[in-house]
Amino acid sequence: VVMVTTKSGKPGRTKISVNYTQKFGTISNTLPQLNRREADIMANTVVSYSSKDQFAWRGTDTDSVNMANTTSNFYQDMITQTAVTSQLNLSASGGSEKLRYTASLGHTYDKGIVLNSLNQRSNARIKTDYQPNDVLRLSTNVALTYTDTDAIDEGNVFYNATRRMPQTWIYYPTDGAYVGTWASYPNTGKRNPILELNERHD
């Protein structure tokens, strides 16, 4: 059996301690990914038009405002962010010869590298020791913790992001609604990673 105890305050003045730390993080490496034109060439090579000019995948469509001709998403940039971890701890301790106390409050804010991944935790603890004589000693030790987490399946999100073609729309230009699972080649069955991140809240 392992018992974890909190130190009691010492007689004398109340001692107050404040500690704050903040850390930042970014993704260290990304996977190579095709741009729109490279994806067009690749897609043209795998279809059964062996005699077709590989640079003619889009045919004669040169419409510069057509999203199919201008979209080139680098999903790994779109699904990541700068991670921020902030931690604040406050504590107070003190007492007299008969009564000693220790109290602490803490809060941790942890925004992950993947978009919308977040973990927040708040905790409070108070301990008192009262010893009116050499025979009797009364102690209290109370701890409270609250956690709020938006857990993201990072592996699944990156898996879909690296499989989805860069020219595939993120949203429909008509109403701004997110495109879900693309139903046509070469993106059949590949989910929109931005939609998945923005709609998932655990």
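Arg 137 is exposed, with a relative accessible area of 53%; here exposed means over 50% relative accessible area, buried under 20%, and partly exposed in between, using a 1.4 Å probe and protein chains only. The model is predicted, so local features need pLDDT of at least 70 and side-chain atom pairs count only at pLDDT 80 or more, while totals for chains, interfaces and linings use all residues. Residues are numbered from 1 along each chain as its sequence is written, and side-chain values use heavy atoms, with hydrogens and water left out.

Arg 137 forms a salt bridge with Asp 129, and the closest N and O atoms of the pair are 3.6 Å apart. A salt bridge is a side-chain nitrogen of Lys or Arg within 4 Å of a carboxyl oxygen of Asp or Glu, and by this rule the count comes to 1. Side chains of opposite charge can pair when their charged atoms come close. Asp 129 counts as buried because its relative accessibility is 5%. Asp 129 sits in strand β4, which covers residues 118–130. The side chain of Asp 129 also makes a polar contact of 2.4 Å with the side chain of Ser 139. A polar contact is a pair of N or O atoms within 3.5 Å; within protein, one must be able to donate a hydrogen and the other to accept it, and residues adjacent in sequence count only if both atoms are side-chain atoms.

Strand β4 also holds Ile 126, which is partly exposed at a relative accessible area of 41%. Contact means heavy atoms within 4.5 Å. With neighbours within four places in sequence left aside, Ile 126 is in contact with Thr 102, Ala 103, Thr 140, Asn 141 and Val 142. One of these, Thr 140, is 14 residues from Ile 126 in sequence and 7.8 Å from it in space, C-alpha to C-alpha. In the loop between β3 (99–111) and β4 lies Asn 116, whose phi is near 70°, a positive value in a residue other than glycine. Most residues other than glycine have a negative phi. Asn 116 counts as partly exposed because its relative accessibility is 24%.

The chain has 5 helices and 5 strands, and along the sequence they follow the pattern β-α-α-α-β-β-β-β-α-α. Helices (H or I, at least four residues) and strands (E, at least two) are DSSP runs, numbered from the N terminus. Of the 202 residues, 24% count as buried. Among contacts with a separation of 6 or more, 62% are accounted for by residues 24 or more positions apart. The chain exposes about 13,300 Å², of which carbon and sulfur atoms supply 54%; accessible areas come from the Shrake-Rupley method with a 1.4 Å probe, and for residues only the protein chains shown count as cover.

The largest nonpolar core has 9 residues in all: Tyr 75, Ile 79, Val 114, Ile 152, Val 157, Ala 161, Ile 170, Ile 194 and Leu 197. Helices α4 (154–163) and α5 (193–199) are the elements that give two or more residues to this core. A nonpolar core is a set of buried Ala, Val, Leu, Ile, Met, Phe, Trp, Tyr and Cys residues joined through side-chain atoms within 4.5 Å. In soluble globular proteins, nonpolar side chains tend to be buried together. Beyond its neighbours within four places in sequence, Ile 170 is in contact with Asn 73, Tyr 75, Met 78, Tyr 178, Val 179, Asn 192 and Ile 194.

Strands β1 and β2 (83–95) each give two or more residues to the patch, and the largest share, 3 residues, comes from β1. Leu 90 belongs to β2 and is partly exposed, with a relative accessible area of 36%.

Strand β1 (residues 12–25) also includes Thr 14, which counts as partly exposed at 43% relative accessibility. The side chains of Thr 14 and Tyr 101 are joined by a polar contact of 2.6 Å. Leaving aside neighbours within four places in sequence, Thr 14 is in contact with Ala 92, Ser 93, Gly 94 and Tyr 101.
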